[in-house]
Amino acid sequence: MWRYAIPLVLLAVIAAFFYRGLALNPSYVPSALIGKPMPEFALPTVTDAEAKLGSRDIAGKVALLNVWGTWCVECRHEHAFLLKLAKTGMPIYGLNLRDERPAALDWLASLGNPYVASAFDPDGTVAVDWGVTAAPETFLIGRDGKILFKHISPLTQQVWQRAFVPLIKAQCGAPDPGCPQLAALGAQ
Amino acid sequence: MTRLVAIALVVLVATALRAADVEPAFDDPALNARYWGLIREIRCPLCMNESIADSGAPVAADLRREVHRLLAEGKSDDEVKEFMSSRYGDFVLYRPRVAPVTYALWASPFILLVVGSLVFWRILRNRSKQPLGEDEAS
Amino acid sequence: MIPEVGQFALILAFCLALIQAVLPIVGAARGRAEWMALARPAAAGQFVFIAIAFGALEYAFLNDDFSVLFVAQHSNSALPIFYKFTAAWGGHEGSMLFWITVLAIWTLAVAAGSRSQPEEFASRVLGVLGIVSCGILAFALFTSNPFIRLTPAPADGNDLNPLLQDPGMIIHPPMLYVGYVGMAVPFAFAVAALFTGRLDKNWAKWTRPWTIAAWMFLTCGITLGSWWSYYELGWGGWWFWDPVENSSFMPWLVATALLHSLAVTERRGIFKSWTVLLAIAAFSLSLLGTFLTRSGVLVSVHAFAADPTRGLFILGLLAVFSGGPLLLYALRAGSLEAEGGFKLLSREAFLLANNILLVIAAGAVLFGTLYPLIIDSLGLGKISVGTPWFDAMFLVPMLPLAVLLGVGMHSIWKTMSGTPLIQRLIWPAGIALALGVTLPLLAYGKASALTAIATVIALWVCAAALLEPLRWWVLRRGAPLTRAQLGMCFAHFGVGVFILGATFVSAYTVETEVSARGGDRFQVGGYDILFRGVKPVESANFTAEEGEFELRKGGRLVTVLASQQRVYRVQQTPTTEAAIDSRLGRDVFIALSKPLGDNAWSVRIQVKPLIRFLWLGPLLMAIGGLLAISDRRYRLAARESAATRAVAAAGTT
């Protein structure tokens, strides 16, 4: 009777999903904000407590928002690359997470400051709005202020080329004040 | 010199503020029960399958604080969960949304029960027609 | 040197397993007695070599041999010697060796205990166990070798995970492994029967005690896991529907169905295809669990380090050990059908409903556990299915099951009329209804509909289970109970106790998290708690801050509790050791959580009513199982077969 074959069929289906599952990463959670406008915020900066950095300052151009902290060991690994990027004219804004100002200033002074400005978020409230779980995380923001991409873990040359550049090129067909210099990017 | 004192004060104040990092539980038992229910239903986005109630991760502490703030502002349970899922995705909801992607999930136990009942009746009907057989010793 | 001996012993064990796997089965098919006779010696030899291998691993641990990679990863010279011993199963490779050792012990037991069975059957059973052994040994040798050396050898090791440095480590994994590896035994019996296509009441009689034994250990193993995570993990929970937890629970559900189905097969010779399928399913779910916990396909705190290569190998094992028998089942189950009628309210009907409902429960748990993976594989996003879904959905088959449980116990074989059932059960039902609704209200002043229903059902099951024993002992009416019947009453009573505990803990736990400084007082759940403050504590491999709490009720001091926030020196991970005051009626759970600065500490306080019932219930179930196995008819059978062997031996001298 065919009904005795049901358990075997069930096993085959489950095994197929398991086989597929071996190639997936169950801990990787993509950002829920892709395609949505970036969360509005206004925070004091790390360097100057009087000055403010907010979503309004970032809007209108293709930019990166990089989440960092002095407690974050992995952030050191991407710092050199961020400095290189900044030199090509790519605007990088920082979100300094769960940190203390003196330590953060020290870090920027000794390792270099790739950021146009860094927002100071000691209790992570703004980070929650951005769906940040830890550092380092880097967001790519489009000209219209929408979030195009989020990368978790240190930003490297390969990730930049593979994931970020195509998205920037898609936004920036022709030269535009809101776009970074594509030639410089292409040379990276 | 004044700059140094200013920085020192900022640091001191910042540390003192940090001491109030964990908000006390709600005095109102109903709110307290809602708070605990919610932090158990929200998944820590970073951890190996823990709710934000049980996790020691900093992001979990931040999220608990947000839940506390939202409840204090009078938001409903659904609004709190919406806040979380709009930022971290449905991944952080331990109670899956009832949506087309989860219809099969929510329906499955009931469908299984219906199928099981049909199987039961069919087998019973067949067996009632069969002879009972002689009595046997235990 | 010793680790190499261990490795070599494993290879020899594999060779013997191959012999045990192939020759007895072929011998049974061809009637070659000398090949069938190889089964028992091969099993014995396999056991000896596996024991040597396991001994070699323990030797490496106890002698701090950090040149062995596995020892370096999971031990440390400062680790107390007790934990050096248990660390052998604290990681993937060692726990696989442990899996193999447990299987070898079960195989040896079957080899010894199967002498009353016909040789062709016993050799097939041992052959199947040999095949399983081969597969797992191959897995260990090719992907999970615990004897791999690390050169240069480090000066010291990484230390055992602090969460595992606890007495629970000595008992929970072993019990659990004995239980779900033990499911291989009824599996082997079932496959052996499918080889011949014949299955009779004797088969059920032989299979049943093994099933009950494995089921008992699995019950204890799961319960110990729940109890251990409650007091060790520091957050007061007892079940999380975590994929690894579910991996042990699904085989349990199916095994429970199996042992009930075996009762029908033994008695009436029917439900044969159900029983065979359940036996195959129970072990398949064990293997599936092994896959889930070691492949990295699902996320869990309990999972071993993920490795897709290993995952692929286990998937292969699953395909062979589960797919093979299921294919055989698809081809042969039709011929197992036997005639045997029964009517609506008969015991068979209730046991059929029992089978179906337990399978639904296992199926629902499986579906919920795998759903995130299914959705992700189909590219539909990342979702989570957690406690709220499982808690709600598990009740769908289980509440009806509990209700039917009370009735089914009192039904008789073949046919039963409604009137005597109602007459018998009206009193327990009435008492359960009355008490179930009023007790929660009296105790707590409020009860949700679900709480009331669940309490009524729990008391109903308890009352129905106690009916026969009470009638005999108190009223001296009816027949004396056999051990098997008494076991059944104990086990079912345990189910009621468990449901009662689960209901009250879920509905009436009082919990809070406070910011506490020395001298602060709190009122939680009717208790006054005074926080005396923290003091530093030093131990061999950790330092801790210990908080002392005075627990008072109505002004009277109940006890003083101490909770620690420990930092283990090597791994530098902070862990919380909760302080628990346990009484039968409630636990008071206090956990010193983390420092908030300025001498304040975050403290979690919970009062959990009837939580001990959660573990008392399954303990009663296990005792019920023990009573059932020790029933006269098994002891008689053992004596008979011993006598037969003695006569045969005398005849040949």
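# Reading a predicted three-chain model

Modeller: This model is predicted. Start with overall size. With 653 residues, a compact globule would have a radius of gyration near 26 Å, and chain C has 27 Å, which agrees.

Colleague: What does chain C span along its principal axes?

Modeller: The C-alpha trace of chain C spans about 80 × 75 × 60 Å. In secondary structure, chain C has 20 helices and 9 strands.

Colleague: How do I read burial? What share of chain C is buried?

Modeller: Count neighbours. A residue is buried if 20 or more other C-beta atoms lie within 10 Å of its own. In chain C, buried residues make up 56% of the 653 residues.

Colleague: And contacts? What share join residues at least 24 apart in chain C?

Modeller: Take the contacts in chain C between residues at least 6 apart in sequence. Of these, 74% join residues at least 24 apart.

Colleague: Now the cores. How many residues has the largest nonpolar core?

Modeller: That core has 282 residues. Ala184(C), Phe187(C) and Val461(C) are among those with the most contacts inside it. Helix α14 of chain C, residues 347-377, gives the most to this core, with 19 residues. Another core lies apart from it, with 18 residues, including Ala579(C) and Trp601(C).

Colleague: Which residues does Val461(C) touch?

Modeller: Leave out residues up to four places away in sequence. Val461(C) then touches Ala402(C), Leu405(C), Gly406(C), His492(C), Val495(C), Gly496(C) and Ile499(C).

Colleague: Let's turn to helices. How do I read one?

Modeller: An α-helix has 3.6 residues a turn, so residues three or four places apart point the same way. Now take α2(B). At 1.5 Å a residue, its 13 residues should span 18 Å, and its end C-alpha atoms are 18 Å apart, which agrees.

Colleague: Which residues of α2(B) are buried?

Modeller: They are Tyr35(B), Trp36(B), Leu38(B), Ile39(B), Arg40(B) and Glu41(B). These buried residues pack against α3 and α4 of chain B, together with α15 and β1 of chain C.

Colleague: Is Asp78(B) buried or exposed, and why?

Modeller: Asp78(B) is in helix α4 of chain B. Asp78(B) has 8 within 10 Å, so it is exposed. Asp78(B) and Leu38(B) are 40 residues apart in sequence, and their C-alpha atoms are 9.6 Å apart.

Colleague: Next, interfaces. How many residues of chain B are in contact with chain C?

Modeller: 43 residues of chain B are in contact with 49 residues of chain C. On the chain B side, α1, α2 and α5 each supply at least two residues. The largest share, 14 residues, comes from α5(B). By class, this side has 23 nonpolar, 10 polar and 10 charged residues.

Colleague: What about the contact of chain A with chain C?

Modeller: It takes 18 residues from chain A and 26 residues from chain C. The chain A side has 15 nonpolar, 2 polar and 1 charged residues.

Colleague: Last, strands. In which sense do β6(A) and β7(A) pair?

Modeller: Strand β6, residues 137-141, and strand β7, residues 147-152, both of chain A, pair in the antiparallel sense over 5 bridges. Ile141(A) has Ile147(A) in β7(A) as its bridge partner. The hairpin has 5 residues between the strands, and there Gly145(A) takes a positive phi near 85°.

Key
Residues numbered from 1 in each chain as written. Chains lettered and ligands numbered in written order. Predicted model: local features only at pLDDT ≥ 70, side-chain atom pairs only at ≥ 80, totals over all residues. Helix = DSSP H or I, 4+ residues; strand = E, 2+ residues; numbered from the N terminus. Rg over C-alpha atoms; globule rule 2.2 N^0.38 Å. Buried ≥ 20, exposed ≤ 12 C-beta atoms within 10 Å, placed from the backbone. Contact = placed C-beta atoms within 7 Å. Pairing = 2+ DSSP bridges. Nonpolar A, V, L, I, M, F, W, Y, C, P; charged D, E, K, R; others polar. Expected span 1.5 Å × (residues − 1). Core = buried A, V, L, I, M, F, W, Y, C linked by C-beta atoms within 7 Å.
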